Amino acid sequence: MDRLAALRVFVRAAELGSFSRVAEQLGLPRASVSAAIAQLEAELGARMFQRTTRKISLTTDGAAMLERGRGLLEDFEAAYTQFRSPSAQVSGRLIVDVPSRIARRLLIPALPELLARHPALELELRADDRLIDLVDEGVDCAVRVGPLGPSTLVARPLGTLAMVGCASPAYLRTHAPLMTVDDLDQHVAVHYDSQRGVGARGEAFWDYVDGKGAPRRKRCESRLSVRTAETYIACAVAGLGLIQVPAFDVADALARGDLVEVLSHARPSPMPVNALYPHRRHLSPRVRAFLNWLQPLFAPIGEGRPKADSY
C-alpha cells in the first residue's frame, strides 16, 4: 500500500477507534488495515496506537501524526481538485443522513435531477430521525433541523423552516377552546423526544414567540410519546393531541382539513436548518456538489411554502 493510502487508513482508524470498522467502511481485509498501520509505524519509527484485544487508542506520537496527517490529506485533496478540469465528473460514493420527512418530501422528489447531473455519483441516503455520530458511522454529510449544540463538525446554514401548531378538528371539538397560550393548561400535546429537546416522560414543551418578539416556552401535559416525525404528525391527525411542526411538513394536511392551525398569533420561532460535515479545510467534490444542489431546495419552504413537486 502506498504512503498516501496508508495515511488515509491511519486517519480513519484514529477516528473510528477500530481496525475492523475501518476495514468494513473502506472495503478492505482487516489484515490489510493492520499491515498499513504497521507499515506507517515502521517508516516513521514510532508507535501510532496502543492496542488491546478490545480497542485501540492513539499514543502521543499518534495524536501528533493525526493532526499532521489530516492536514496532508486535505492539502492533497485541494491540490487534486484545483487541477481537475471544471467539467470533470463528480464520482464515487457519498453517504448522507437526513431526517425522514425532509428526505421523503423534499430530497427524493428532486434526486433525479442530481443523479442525472452527476451520473458517476453513487448516493447512500440514510433517512430517519435518529441522531448519529457522523464520523463514527462514516457519514459524509448530514442535514439537521433545530439549534445545534457544541460540535467539532462544520455547519453550513441552509435556511429556516417556519413552524406551526396544529390539531385535528376532532380533537378541537372535544376539548376546551384554545384561544390563548394559557388555555394550553386544559390541553394535551404529543411528546416528540427525538431532536426537539422536550422534557421528561409525561410532559412536553410548547414553544412560541410572545407579543414583544421574545421566545417563550410553556410546559404541557402529555400522555403519548413518539420518536419519529411521521408518527408525530399521524398522532395529531388521529386526534391524540397538539403538535408543533414545520409548516411545509403539514401543508397538505392543513389544505385538506385533516389538521387545523392553532394559536397562529403565537407561532414558534423558525427552526434553523444546517448541513453538517466533518471538519476539512477543503470539501470533497462529492460533498460540494451535493451541498450546491441541496441549498436551493430549501428556499421555497423557508416561509412554510412547500415546493409544488414535494407531494
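This text walks through a predicted model of a protein chain, from its overall make-up to a few of its residues.

Seen as a whole, the protein chain has a secondary structure that comes to 9 helices and 14 strands. Of its 311 residues, 44% are buried, and the accessible surface comes to about 16000 Å², of which carbon and sulfur atoms hold 53%. When contacts with a separation of 6 or more are considered, 73% of them are accounted for by residues 24 or more positions apart.

A pair of aromatic rings is described by the distance of the centres and the angle of the planes. A search of the whole structure finds 4 aromatic pairs. In one of these, the ring centres of Phe-10 and Phe-49 lie 5.5 Å apart with their planes at 55°, and the pair is therefore tilted. This pair joins distant parts of the chain, since Phe-10 belongs to helix 1 and Phe-49 to strand 1 (residues 49-51), 39 residues apart. Both of these residues, Phe-10 and Phe-49, are buried.

The ring of Phe-49 also pairs with that of Phe-19: here the centres are 5.7 Å apart and the planes stand at 80°, so the pair is edge-to-face. Again distant parts of the chain are linked, with Phe-19 in helix 2 (residues 19-26) and Phe-49 in strand 1, 30 residues apart. Phe-19 counts as buried because its relative accessibility is 5%, and Phe-49 counts as buried because its relative accessibility is 1%, where buried means under 20% relative accessible area. Taken together, Phe-10, Phe-19 and Phe-49 form one aromatic cluster.

Asp-140 is found in the loop between strand 4 (121-127) and strand 5 (141-145), and because its relative accessibility is 18%, Asp-140 counts as buried. A polar atom of the Asp-140 side chain lies 2.8 Å from the backbone nitrogen of Ile-95. Leaving aside residues up to four places away in sequence, Asp-140 touches Arg-93, Leu-94 and Ile-95, and also Leu-276, Tyr-277, Pro-278 and Val-287.

Finally, the surface deserves a look. Met-1, which is found in the segment before helix 1 (3-16), makes a nonpolar surface patch of about 240 Å² together with Leu-26 and Leu-28. Met-1 has a relative accessible area of 45%, so this residue is partly exposed, a term for values between the 20% limit for buried and the 50% limit for exposed.

Methods: Residues numbered from 1 in each chain as written. Predicted model: local features only at pLDDT ≥ 70, side-chain atom pairs only at ≥ 80, totals over all residues. Heavy atoms only, no water. Patch = residues over 30% accessible without salt bridge, like charges linked within 9 Å, V, L, I, M, F, W, Y side chains within 5 Å. Areas by Shrake-Rupley, 256 points an atom, 1.4 Å probe, with all protein chains shown as cover. Salt bridge = Lys/Arg side-chain N within 4 Å of Asp/Glu carboxyl O. Helix = DSSP H or I, 4+ residues; strand = E, 2+ residues; numbered from the N terminus. Buried < 20%, exposed > 50% of the residue type's maximum accessible area, 1.4 Å probe, protein only. Contact = heavy atoms within 4.5 Å. Polar contact = N/O pair within 3.5 Å; in protein donor to acceptor, adjacent residues only side chain to side chain. Phe/Tyr/Trp six-rings, centres within 6.5 Å; stacked < 30°, edge-to-face > 60°.
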